[in-house]
Amino acid sequence: VSRAKPEDDEYWNSSKFKAFTFDDDDDEFSRLKESKRAVNSILVDDDDDEEEEDGVERVSWSGEPVGSISWSVKETASSIRSGSEQSFPKIDTTPSLSKQGSGYSLSSLFKGDLYDLSPEETVRRMQKGRAFSLEKFRSLQDKLLLLDEAVAVYDGNLITAVLIYLKKSLSKEILFRELMARDVALRHYVHYLKEMGEQKLLVELMKALGRTEDMALMQYKEHLNIKDEGQRRDFLKSCLGLPFSQDDATHVQDHYTLLERQIIIEADAEIFKKFPRKASILNMPIITTLYYSCFYHYGESEGTYSSPENIRKTFRISEKQYILTALGARAKLKSWFDVDSLFNTKNWLGYTKKRSPIGFHRVVDILQKNSAPVNVLQEYVNLIDSPELKLSVALKYKCHDIVINTYRDLKDRQELVVYREKLERDSPEYRKIQELLNNVVRGSEPPLSSHFLIHSVVRVEILRNILQ
C-alpha cells in the first residue's frame with residue numbers, strides 16, 4: 001500500500017469545527033469572565049475615597065449606574081449580540097486612568113458598602129445625589145428612623161422619596177397609624193396622593209385620620225371623572241349619606257336634584273325646533289338652567305320640573321336674581337307682555353303698580369340691549385324715581401319725550417333750545433319744543449326762564465348741600 005501524501009494527512013487530520021475547551025478565548029463564557037475581571041479591576045481598593053472626592057453617580061445611556069451588576073450584564077450581553085466585534089473590548093487598567101472616569105464597581109456592591117449605611121448616612125447621601133439603597137431598611141424601626149431623618153433635614157423631595165418606599169413596603173394600616181404622629185410627613189403624603197390622583201387611597205387615609213368631612217368631600221369630587229350623566233346622577237345619589245357638614249350636604253343635595261331635573265328637561269327635544277339652542281343644559285349651573293327654563297318653559301304650571309317658579313322655589317333663588325334672569329330671557333324673545341308681568345304687583349286696594357327689586361334704570365339697560373321699542377323704554381324710564389337719573393337715562397337712550405317734558409317741568413328754556421338743535425327739523429319732537437317756546441311768547445304758559453331754575457329739584461339739592 002502506498003503511503004499517503006502529506007497533503008492527504010493534513011486533510012484527514014484537520015477539521016473546520018472546533019471542539020469546546022475551557023481555554024478557548026473566543027467562546028461567550030470566557031468573554032463574560034473577562035467582562036467581570038475588567039469591571040472589578042477599576043480601582044477596587046479605593047471605592048470609599050472615590051465617592052468622597054467624586055460625589056456623582058456615574059450612569060450609562062440606559063440610566064443604569066456604571067459599574068452596577070445590571071450595567072455590566074447589559075454591556076456584556078450587548079457586546080455578545082454585536083456582530084461587528086467578536087471579543088469584549090479591553091479596558092485599560094494602568095494607573096493613568098483618572099478617577100473621574102470610574103464608577104461604582106461590582107466589588108463595592110458585593111462588599112455591601114451601600115447596605116451598611118445608617119439612616120442618617122443614607123439621607124446624607126440622598127441629599128448629595130449619591131447612590132443609595134432603601135431596601136436594606138427592613139424593620140419597622142429602621143424605616144421610621146429613615147423617615148424621621150428625612151423630615152429632620154426639611155427636604156420635601158427626600159421626604160416624598162422615603163414615603164414612596166414606605167408606601168410600597170408597609171401595609172396601609174401601619175403607614176396611616178405612624179403618619180398620624182408625624183404632621184410634616186402626613187402633609188407631604190396627602191399632597192403626593194393628590195398629585196398622583198390616588199383618590200381612593202386618599203379617602204381611606206382621611207377616614208383613618210377621623211377627618212370624615214374631608215373624606216366625604218374627596219369622595220364627592222370623584223363625580224368629575226364620570227362622563228355619563230346617568231351614572232353621575234346615581235353616584236351623586238350615593239353621596240347623599242356621606243358625613244358632610246350642613247352647608248356641604250345642602251350643596252350636594254342641590255347638585256343631585258339639579259342634575260336629575262336637567263336630565264328630565266333635556267329629554268323634551270320638540271321645543272327646540274322653533275328656537276334652536278347652542279348647547280345642552282346638562283351639567284350647567286343653576287342660573288343657566290333657570291334662564292333656559294324662562295326661555296323655553298315660561299308660563300308652565302308650578303308643578304312641572306321645568307317650570308321657572310318650581311326651579312326658583314326648589315333652589316331658593318332670590319327675587320332679585322330671578323327677576324334679572326327672567327327679564328333677560330323674555331326680553332330676548334321680545335315678549336314685552338311677559339316683561340310687564342314681572343313687575344306688576346297689586347296693593348291691598350287691588351290697584352296694579354309696577355315695582356322692581358333691581359331698580360328701573362337697570363331694567364331699562366337690559367331692555368335697550370335687547371332692542372326694545374322706544375315706547376317700552378320710555379314707560380320704564382318714567383318709573384325711575386330720581387329726576388337726575390331719569391334725565392340722564394333718557395338722554396342716553398334718546399327718549400325725546402321724557403327729556404322735553406323734564407326740561408319743561410324744570411322750566412329750563414335754555415336746555416330746551418339746546419336740545420332742539422340736536423333734533424331733526426320738522427320731526428315731532430322738534431315741533432313739540434318749538435310749540436312750547438312759542439306758547440311762552442304768547443303768554444299761555446308760565447314763563448320759561450333761567451331765573452326759575454332755582455326752583456328746580458336740581459338747584460334745591462345743590463342749595464341743601466351748601467347749607468349743610
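## Packing of helices H17 and H19

Helix H17 passes helix H19 in a right-handed crossing. The model described here is predicted. Two packed helices are described by the distance between their axes and by the angle that those axes form. The axes of H17 (residues 319-332) and H19 (residues 360-369) come within 9 Å, and they cross at roughly 30°. Because angles under 35 degrees count as roughly parallel, H17 is roughly parallel to H19.

On the side of H17, the contact is made by Leu 324, Leu 327, Gly 328 and Ala 331. Helix H19 contributes Arg 362, Val 363, Ile 366 and Leu 367.

## Salt bridges around helix H16

The structure holds 16 salt bridges. One of them joins the side chains of Asp 254 and Arg 316, with an N to O distance of 2.5 Å. This pair links distant parts of the chain, 62 residues apart. Asp 254 belongs to helix H14 (residues 246-266), while Arg 316 lies in the loop between helix H16 (308-314) and H17. Is Arg 316 buried or exposed? Arg 316 has a relative accessible area of 52% and is therefore exposed, since the cut-off for that class is over 50%.

Another salt bridge is formed by Glu 302 and Lys 313, whose closest N and O atoms are 2.8 Å apart. Glu 302 is found in the loop between helix H15 (286-296) and H16, whereas Lys 313 is in helix H16. Eleven residues separate the two, and the pair links distant parts of the chain. Glu 302 is partly exposed, with a relative accessible area of 39%. Lys 313, at 53% relative accessibility, counts as exposed.

How many residues apart are Glu 309 and Arg 312 in helix H16? They are three residues apart, so about one helical turn separates them. Glu 309 counts as partly exposed at 28% relative accessibility. Arg 312 is also partly exposed, its relative accessible area being 23%.

## A network of salt bridges

Salt bridges can also be followed through a group of residues. Asp 148, Arg 177, Glu 178 and Arg 182 are linked in a network of such bridges.

Notes: Residues are numbered from 1 along each chain as its sequence is written. This is a predicted model: local features need pLDDT of at least 70, side-chain atom pairs count only at pLDDT 80 or more; totals for chains, interfaces and linings use all residues. Side-chain values use heavy atoms; hydrogens and water are left out. Axes are lines fitted to C-alpha atoms, for helices over the stretch in contact, and angles run from 0 to 180 degrees between N-to-C directions. Helices (H or I, at least four residues) and strands (E, at least two) are DSSP runs, numbered from the N terminus. Angles under 35 degrees count as roughly parallel, over 145 as roughly antiparallel, 65 to 115 as roughly perpendicular and the rest as oblique. A crossing is left-handed if the near helix is turned anticlockwise from the far one by less than a right angle, and right-handed if clockwise. Contact means heavy atoms within 4.5 Å. A salt bridge is a side-chain nitrogen of Lys or Arg within 4 Å of a carboxyl oxygen of Asp or Glu. Buried means under 20% relative accessible area, exposed over 50%, partly exposed in between (1.4 Å probe, protein chains only).
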